[in-house]
Amino acid sequence: YQMISDKFSAEKIKFFSVKGLNVSKYYPMSQHRTMGDCDLMVAAKDLKRADKAMKEMNFSYCQTPDFESVYEKNGLVFEIHYHLLYDEIANKKEDRLFGDDVWKHTTAQQNSSEQIIDESFHFIFLLLHLKKHLIHKGVGFRQFIDIYVTAKKAQLDWDYINSELHNLDLFKFAQVCGALTVKWFAPNEQSNSPYGFKLAEIDDT
């Protein structure tokens, strides 16, 4: 990852990481958060330069299965995205938040092209990404754990999160996901939830 960061910075290619690369720091040990691949976001205008940079680092271009470019080197897989959500699966409300203006939710780093995505914005993305997987591909426990550890460890702006969840018609879904994670992973915390919203009531049956 550091090699890519250094290379992209040298080429002045802005990028930021999402999902596992971001969430792993909230786990007791970052190695606890396994990853099948590493997800990076670049601007659409920089895709060709990013492709050239990856190949110069001896990454092999594998495929573009959906809307991302996949590169592999020594078993390490990186996916380069140019959108967090794509028109085919995003509605207008989602595209408003996660479309071309996504970069305004990042902060530049000194002496680097890497941007850091806002934690609260990323939490909303994790929830929406989980919902998309439930609808289109299926989902495992890992994505639910990501939601829980982010709520527990990150410095989140719950007023902003709750406002956007309502705007995205995602609030009830978030309440259910939050309730499930507490029930599964921290049943003793049901009266002291890490979430900044009321959890849905889950029937034990």
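Predicted model: local features only at pLDDT ≥ 70, side-chain atom pairs only at ≥ 80, totals over all residues.
Helices, here, are DSSP runs of at least four residues and strands are runs of at least two, numbered from the N terminus. With that convention, His105 lies in the loop between helix H4 (92-98) and strand E6.

Let me begin with the chain as a whole. The chain has eight helices and seven strands. Its radius of gyration is 18 Å, close to the 17 Å that the globule rule gives for 205 residues, so the chain is as compact as a globular protein of that length. The C-alpha trace spans about 55 × 35 × 35 Å along its principal axes.

Of the 205 residues, 48% count as buried. Among the contacts with a separation of 6 or more, 64% come from residues 24 or more positions apart. The chain exposes about 11,000 Å², and carbon and sulfur atoms supply 49% of that area. As for charge, there are 25 positive and 29 negative side chains, and the centres of the two sets lie 2 Å apart.

I now turn to the aromatic residues. A pair of aromatic rings is described by the distance of the centres and the angle of the planes. How many aromatic pairs does a search of the whole structure find? The search finds 15. I shall take two of them in detail.

One of these pairs is formed by Tyr1 and Phe15. Their ring centres are 6.3 Å apart and their planes stand at 70°; since an angle over 60 degrees counts as edge-to-face, the pair is edge-to-face. This pair links distant parts of the chain: Tyr1 is in the segment before helix H1 (2-10), Phe15 is in strand E1 (residues 15-18), and the two are 14 residues apart. Tyr1, with a relative accessible area of 31%, is partly exposed, whereas Phe15, at 0% relative accessibility, counts as buried.

The other pair is Phe141 with Phe185. Here the centres are 6.2 Å apart and the planes are at 75°, so this pair is edge-to-face. Distant parts of the chain are again linked: Phe141 belongs to helix H6 (residues 141-153) and Phe185 to helix H8 (residues 171-185), 44 residues apart. Phe185 is partly exposed, its relative accessible area being 31%.

Beyond individual pairs, there is a cluster. Which residues do ring pairs link into a cluster? They are Phe123, Trp158, Phe171, Tyr195 and Phe197.

Let me move to the backbone. Lys19 has a positive phi of about 60° although it is not a glycine. Lys19 is found in the loop between E1 and helix H2 (20-23). Is Lys19 buried or exposed? Its relative accessible area is 15%; the cut-off for burial is under 20%, so Lys19 is buried.

Asp169 likewise is not a glycine, and has a positive phi of about 55°. Asp169 sits in the loop between helix H7 (158-167) and H8. At 54% relative accessibility, Asp169 counts as exposed, whereas Lys19 is buried.

His105 is buried, with a relative accessible area of 16%. Leaving aside its neighbours within four places in sequence, His105 is in contact with Leu97, Ile116, Ile117, Asp118, Phe121 and Tyr160.

Thr106 lies in strand E6 (residues 106-108). At 13% relative accessibility, Thr106 counts as buried. With neighbours within four places in sequence set aside, the contacts of Thr106 are Phe16, Gln115, Ile116 and Ile117. How far apart are Thr106 and Leu128 in space, C-alpha to C-alpha? The distance is 18 Å, and the two residues are 22 residues apart in sequence.

His133 is found in helix H5 (residues 119-136). At 19% relative accessibility, with burial defined as under 20%, His133 counts as buried.

Thank you for your attention.

Note on methods
Residues numbered from 1 in each chain as written. Heavy atoms only, no water. Rg over C-alpha atoms; globule rule 2.2 N^0.38 Å. Buried < 20%, exposed > 50% of the residue type's maximum accessible area, 1.4 Å probe, protein only. Contact = heavy atoms within 4.5 Å. Areas by Shrake-Rupley, 256 points an atom, 1.4 Å probe, with all protein chains shown as cover. Lys, Arg positive; Asp, Glu negative; His and termini not counted. Charge placed at Lys NZ, Arg CZ, Asp CG, Glu CD. Phe/Tyr/Trp six-rings, centres within 6.5 Å; stacked < 30°, edge-to-face > 60°.
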